[in-house]
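Please look over the chain shown here before reading the notes that follow. They are grouped by topic and meant for a first reading.

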Amino acid sequence: QVQLVESGGALVQPGESLRLSCAASGFAFNRYIMGWYRQAPGKERELVARIGIGSVAGSANYADSAKGRFTISRDNAAKSVLLQMSSLKSEDTAVYYCMARGLGGDVYWGQGTQVTISS
């Protein structure tokens with residue numbers, strides 16, 4: 001049974017930092033591209049960051065809004081993917097989802113974790 005379980009969402013003030021975690025199970029984690037997406041109220045789900053297959057460092061790419069502020073990383077041994085977010089802004093408020101995409105095109109989603117940036 002595939003599971004992606006996000007954690008770390010919280011209410012924080014603008015300028016603060018937050019780290020999201022995604023624990024994966026039930027599939028060959030090191031063969032899947034992992035990513036973080038987010039969906040704000042009234043908006044479509046959008047890519048935040050994505051990291052490639054195979055290595056702990058991996059190849060990562062980011063949405064323009066995340067560049068320079070967010071860092072995605074993965075630990076293949078622990079089957080987890082992290083999103084370190086800094087200099088948070090109110091427009092970062094959204095539900096953040098963990099995503100896994102296999103080479104065969106199969107895609108899995110977590111249930112999401114709420115991130116709210118407000119003073």
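Phe27 and Tyr32 are both buried. In this predicted model, the two residues also form an aromatic pair of the edge-to-face kind, with 4.7 Å from centre to centre and 65° between the planes. The points below start from these rings and then turn to charges over rings, the disulfide, a sheet and some loop residues.

**Aromatic rings**

- The count of aromatic pairs in the structure comes to five.
- One of them joins Phe27 and Phe29, whose ring centres are 6.3 Å apart; their planes meet at 45°, so this pair is classed as tilted. An angle over 60° would have made a pair edge-to-face, and one under 30° would have made it stacked.
- Phe27 has a relative accessibility of 9%, which places it among the buried residues.
- Phe29 is buried as well, with a relative accessible area of 2%.
- Through ring pairs, Phe27, Phe29, Tyr32 and Tyr108 are linked into a cluster.

**Charges over rings**

- Phe29, besides its part in the ring cluster, has Arg74 over its face, at 4.6 Å from the ring centre.
- Trp109 has the charged end of Arg45 over its ring, 4.6 Å from the centre.
- Arg45 belongs to the loop that runs between β4 (32-39) and β5 (46-51).
- The relative accessible area of Arg45 is 33%, so this residue is partly exposed; the partly exposed class lies between the buried limit of 20% and the exposed limit of 50%.
- Arg45 and Tyr97 are 52 residues apart along the chain, and their C-alpha atoms are separated by 9.0 Å.

**The disulfide**

- How many disulfides does a search of the whole structure find? The search finds one.
- The disulfide is formed by Cys22 and Cys98, with their sulfur atoms 2.1 Å apart.
- The link of Cys22 and Cys98 is left-handed, with an angle of -85° about the S-S bond.
- Cys22 is part of strand β3 (residues 18-25) and Cys98 is part of strand β9 (residues 94-102), so the link ties together parts that lie 76 residues apart in sequence.
- Are these cysteines buried or exposed? Cys22 counts as buried because its relative accessibility is 1%, and Cys98 is buried with a relative accessible area of 0%.

**A four-stranded sheet**

- Strand β3, which holds Cys22, is also part of an open sheet of four strands.
- The order of strands in this sheet is β1-β3-β8-β7, and the pairing is antiparallel.
- Which strands stand at the edges? They are β1 (3-7) and β7 (70-75); each has a single partner strand, so one side of each is without a neighbour in the sheet.
- From one strand to the next, the twist averages 15°.
- β7 pairs with strand β8 (residues 80-85) in the antiparallel sense, over six bridges.
- Across this pairing, Asp75 stands opposite Ser80 in β8.

- Most residues other than glycine have a negative phi.
- Lys79 has a positive phi near 55° and is not a glycine.
- The place of Lys79 is the loop between β7 and β8.
- With a relative accessibility of 35%, Lys79 counts as partly exposed.
- Ser87 is another non-glycine residue with a positive phi, of about 50°.
- Ser87 is found in the loop between β8 and β9.
- The relative accessible area of Ser87 is 40%, and the residue is therefore partly exposed.
- Asp92 is also found in the loop between β8 and β9.
- Asp92 counts as buried, because its relative accessibility is 1%.
- Which backbone nitrogen does the side chain of Asp92 reach? The side chain of Asp92 reaches that of Lys89, at 2.8 Å.

How values were computed
Residues numbered from 1 in each chain as written. Predicted model: local features only at pLDDT ≥ 70, side-chain atom pairs only at ≥ 80, totals over all residues. Heavy atoms only, no water. Disulfide = S-S within 2.5 Å. Helix = DSSP H or I, 4+ residues; strand = E, 2+ residues; numbered from the N terminus. Buried < 20%, exposed > 50% of the residue type's maximum accessible area, 1.4 Å probe, protein only. Pairing = 2+ DSSP bridges. Axes fitted to C-alpha atoms, helices over the stretch in contact; angles between N-to-C directions. Phe/Tyr/Trp six-rings, centres within 6.5 Å; stacked < 30°, edge-to-face > 60°. Lys NZ or Arg CZ within 6 Å of the ring centre and 35° of its normal. Polar contact = N/O pair within 3.5 Å; in protein donor to acceptor, adjacent residues only side chain to side chain.
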